[in-house]
Amino acid sequence: MEYIPLEQLKKLLEEEQVSVTLAYGADGAADAENGAENSTAEISLQWVLQFDANDIADGGNVRLTARGFTVTAGTQSSECRNWDELLRRLKDMGVVTEAGAALLSIGGGFETIAAYEANKAFDALDMRGIVGKYRQLADSFELVGEIPEGSWLTQAQAEELIAGCAREARERAYEYYEMLSEKERTQLPFFDEVWRTAYAEAKAHAERAERGELGGESPFLCDLVYRNKTHFSEPQEFCRHLYHSVSLIFEQAYEIGRYVGGVDADNFPCDPKYAPLKPYLLSVTPTCSWHCTQTSQPHYVYRFRLTDETAAWLLQYRSDYDLEELQDLAFYRGEKLLFSSCTHEGFHSDFSEEA
């Protein structure tokens, strides 16, 4: 556990707008460093909605504005209007001294200042920095795009894809089931029965939706969990994930079915800007899930060899978030994922140290 100076604490809260969790013991923050049993205080900006009605023609302007801080210690929360008031409050609690405070985490996930700064630097990498980091580590990369207009899937491909979607959905649901406490599991039968029952419900619900028989009922079965209209409704959070996972299978099957048959066409994008990549194409995989997301819409995942030529092609983009029809850049060494970027969400992740 390290100490964070007060000036840096102020910068993190006010300028970088991240939450900070500090440790303190019965006799003050110093006890945390000496291994005493300690409590925690989480400090974050207090956000308020402000409505500007001046431009009433556009319905006004709503924005989030930071106004003071919230300090949460145990089950108790208090508000401080400014930094000086926050500092007095933390000193009264024994959380900070003149030297600083005992740091537990920044942003909920970084236990040291160095780890937080390293992640911030990684988040700021542009395409040149990304390619420079992974050029020597990776041997291939992926880009993902919607199935091109006029392209199609064979019946065998569609069936294989739907079966894969069903396996992934079951695996996701089982992961959530495994996370339940023993007490929570007493509310449910064994997982196989849970899955069979939910699958049958989702299938019947999808068929009713296709026939237009839902009336005012939500087409999303997971919405019905909160209204106790599903066979399983407790534990509520697990049941929401369960019915979302199983319902997604039928949404995916419907969307995949739209691409079966039709006119045979090249499954490579026709836009000439992608032509320089085609000689390095390793594989094209139809899927509804890839390294950073899952969806009901089938997409193609294109795997390319990483060479000086393909690296130069990537460098025409300022950042990984500027990729267009083919997006969601990922780097691999063999089948090991080293880097994953989610273009539309605007975040990327490094897995190279786990390789």
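Here is a short chat about the helix packing and aromatic contacts in this predicted model.

Q: Let's start with H1. Which of its residues are buried?
A: Helix H1 covers residues 6-14, and Leu-6, Leu-9, Leu-12 and Leu-13 are buried there.

Q: How are those buried residues arranged around the axis of H1?
A: Looking down the axis, they fall within an arc of 120 degrees, so they line one face of the helix.

Q: Switching to aromatics: how many pairs are in the whole structure?
A: The search finds 19 aromatic pairs. One of them is Tyr-177 with Phe-191, a tilted pair at 5.4 Å centre to centre, with 55 degrees between the planes.

Q: Where do Tyr-177 and Phe-191 lie?
A: Tyr-177 is in helix H6 (residues 155-178) and Phe-191 is in helix H8 (residues 191-210), so the pair ties together parts that are 14 residues apart in sequence.

Q: Is Tyr-177 buried or exposed? And what about Phe-191, buried or exposed?
A: Tyr-177 counts as buried, at 7% relative accessibility. Phe-191 counts as buried too, at 5%. The cut-off for buried is under 20%.

Q: Which residues form the aromatic cluster?
A: Phe-122, Tyr-134, Phe-141, Phe-268, Tyr-300, Tyr-302, Phe-304, Phe-331 and Phe-339 form one cluster.

Q: What lies over the face of Tyr-134?
A: That would be Lys-133, at 5.6 Å from the ring centre.

Q: And over the face of Tyr-332, which residue is it?
A: Arg-303, at 4.1 Å from the ring centre of Tyr-332.

Terms used: Residues are numbered from 1 along each chain as its sequence is written. This is a predicted model: local features need pLDDT of at least 70, side-chain atom pairs count only at pLDDT 80 or more; totals for chains, interfaces and linings use all residues. Side-chain values use heavy atoms; hydrogens and water are left out. Buried means under 20% relative accessible area, exposed over 50%, partly exposed in between (1.4 Å probe, protein chains only). Helices (H or I, at least four residues) and strands (E, at least two) are DSSP runs, numbered from the N terminus. The arc is that of the directions from the helix axis to the C-beta atoms. Rings of Phe, Tyr and Trp (its six-membered ring) pair if their centres lie within 6.5 Å; planes under 30 degrees apart count as stacked, over 60 as edge-to-face and the rest as tilted. A charge sits over a ring if NZ of Lys or CZ of Arg is within 6 Å of the ring centre and within 35 degrees of the ring normal.
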